[in-house]
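Welcome! Here is a friendly briefing to read alongside the sequence and the 3D view. Take a moment to look around first, then follow the topics below.

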Amino acid sequence: MLRFDLPQVWSNVVRWEAFITFTVCLLALLLSPWVMVLLVLQGAVRGFAGHMRCPSHLLWQKVFVATGHAGKKTDAGPKMFANKILFVASSVSLLLFLAGSPLWKVPCTLLIVFSFMEWALDFCAACWVYGAWYRRFPPSGS
């Protein structure tokens, strides 16, 4: 469902969070997959409860606004969708690791690719899918 009832988020704060996701996934590949727990938690809170309820988002928002580097406001709905995907992908990665499968690296690597695209190129693949879905299947009037 399109979410226009949520407060908008700052673009550079979201890009910074994508950089953190990128870094955490790299650390998972290089050091320990257990750091993926952080992404599971962040994806769950930001994806299902909203950015306005995520302590790390509120901290980075405060820092970026105070320093004048917050960027422009953007709709939170697609970003929440992206965080739901983060939650699913990081959960799958962690569950595969717990099952002893080396395939845990696949969703972790995909998160590296897509989080890199978000923070370095300002392209949110999940946001693109979100928009394409609602252009193809517009919500019916409620």
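The structure holds 10 aromatic pairs, and it is a predicted model.

**Aromatic rings**

- Phenylalanine 19 and tryptophan 119 form an edge-to-face pair, because their ring centres are 5.0 Å apart and their planes stand at 85 degrees, where over 60 degrees counts as edge-to-face.
- This pair links distant parts of the chain, with phenylalanine 19 in helix H1 (residues 11-30) and tryptophan 119 in helix H5 (residues 105-121), 100 residues apart.
- Are these two residues buried, partly exposed or exposed? Phenylalanine 19 is partly exposed, at a relative accessible area of 28%, and tryptophan 119 is partly exposed too, at 27%.
- Phenylalanine 97 and tryptophan 104 make an edge-to-face pair as well, since their ring centres are 6.0 Å apart and their planes lie at 75 degrees.
- In this second pair, phenylalanine 97 is partly exposed with a relative accessible area of 25%, whereas tryptophan 104 is buried, with 7%.
- One aromatic cluster is formed by Trp16, Phe19, Phe22, Trp60, Phe64, Phe116 and Trp119, so both rings of the pair between phenylalanine 19 and tryptophan 119 can be found in it.

**Where H1 meets H2**

- H1 packs against helix H2 (residues 36-49) at an angle of about 150 degrees, and their axes are 9 Å apart.
- H1 and H2 are therefore roughly antiparallel to each other, as angles over 145 degrees count that way.
- H1 and H2 cross in a left-handed sense.
- On the H1 side the contact is made by Glu17, Thr21, Val24, Cys25 and Ala28, and on the H2 side by Met36, Leu38, Leu39 and Arg46.
- Sorted by class, the contact of H1 with H2 has 6 nonpolar, 1 polar and 2 charged residues.

**Where H4 meets H5**

- Helix H4 (residues 76-98) and H5 pack with their axes 9 Å apart, at an angle of about 155 degrees.
- H4 and H5 are therefore roughly antiparallel to each other.
- The crossing of H4 and H5 is left-handed.
- H4 brings Lys79, Leu86, Ala89, Ser90, Val92, Ser93 and Leu96 to the contact, where they meet Pro107, Cys108, Leu111 and Glu118 of H5.
- The residues of the contact of H4 with H5 comprise 7 nonpolar, 2 polar and 2 charged.

**Where H4 meets H6**

- H4 also packs with H6, at an angle of about 115 degrees and with the axes 8 Å apart.
- Which hand does the crossing of H4 and H6 have? The crossing of H4 and H6 is right-handed.
- Gly77, Pro78, Lys79, Phe81, Ala82 and Ile85 of H4 make this contact with Ala126, Cys127, Val129 and Tyr130 of H6.
- The contact of H4 with H6 has 8 nonpolar residues, 1 polar and 1 charged.

**Cysteine 108**

- Cysteine 108 lies in helix H5 and counts as buried, with 0% relative accessibility.
- Leaving aside neighbours within four places in sequence, cysteine 108 is in contact with Cys25, Ala28, Leu29, Met36 and Ser93.
- Cysteine 108 and alanine 28 are 80 residues apart in sequence, and their C-alpha atoms are 7.8 Å apart in space.

**Serine 11**

- Serine 11 has its place in helix H1 and is buried, with a relative accessible area of 10%.
- Apart from neighbours within four places in sequence, serine 11 is in contact with Ala70, Gly71, Lys72 and Thr74.

**Aspartate 122**

- Where does aspartate 122 lie? Aspartate 122 is in the loop between H5 and helix H6 (125-136).
- Most residues other than glycine have a negative phi.
- Aspartate 122 has a positive phi of about 60 degrees, although it is not a glycine.
- At 40% relative accessibility, aspartate 122 counts as partly exposed.

Conventions
Residues numbered from 1 in each chain as written. Predicted model: local features only at pLDDT ≥ 70, side-chain atom pairs only at ≥ 80, totals over all residues. Heavy atoms only, no water. Phe/Tyr/Trp six-rings, centres within 6.5 Å; stacked < 30°, edge-to-face > 60°. Helix = DSSP H or I, 4+ residues; strand = E, 2+ residues; numbered from the N terminus. Buried < 20%, exposed > 50% of the residue type's maximum accessible area, 1.4 Å probe, protein only. Axes fitted to C-alpha atoms, helices over the stretch in contact; angles between N-to-C directions. Parallel < 35°, antiparallel > 145°, perpendicular 65-115°, else oblique. Left-handed = near helix turned anticlockwise from the far one by under 90°. Contact = heavy atoms within 4.5 Å. Nonpolar A, V, L, I, M, F, W, Y, C, P; charged D, E, K, R; others polar.
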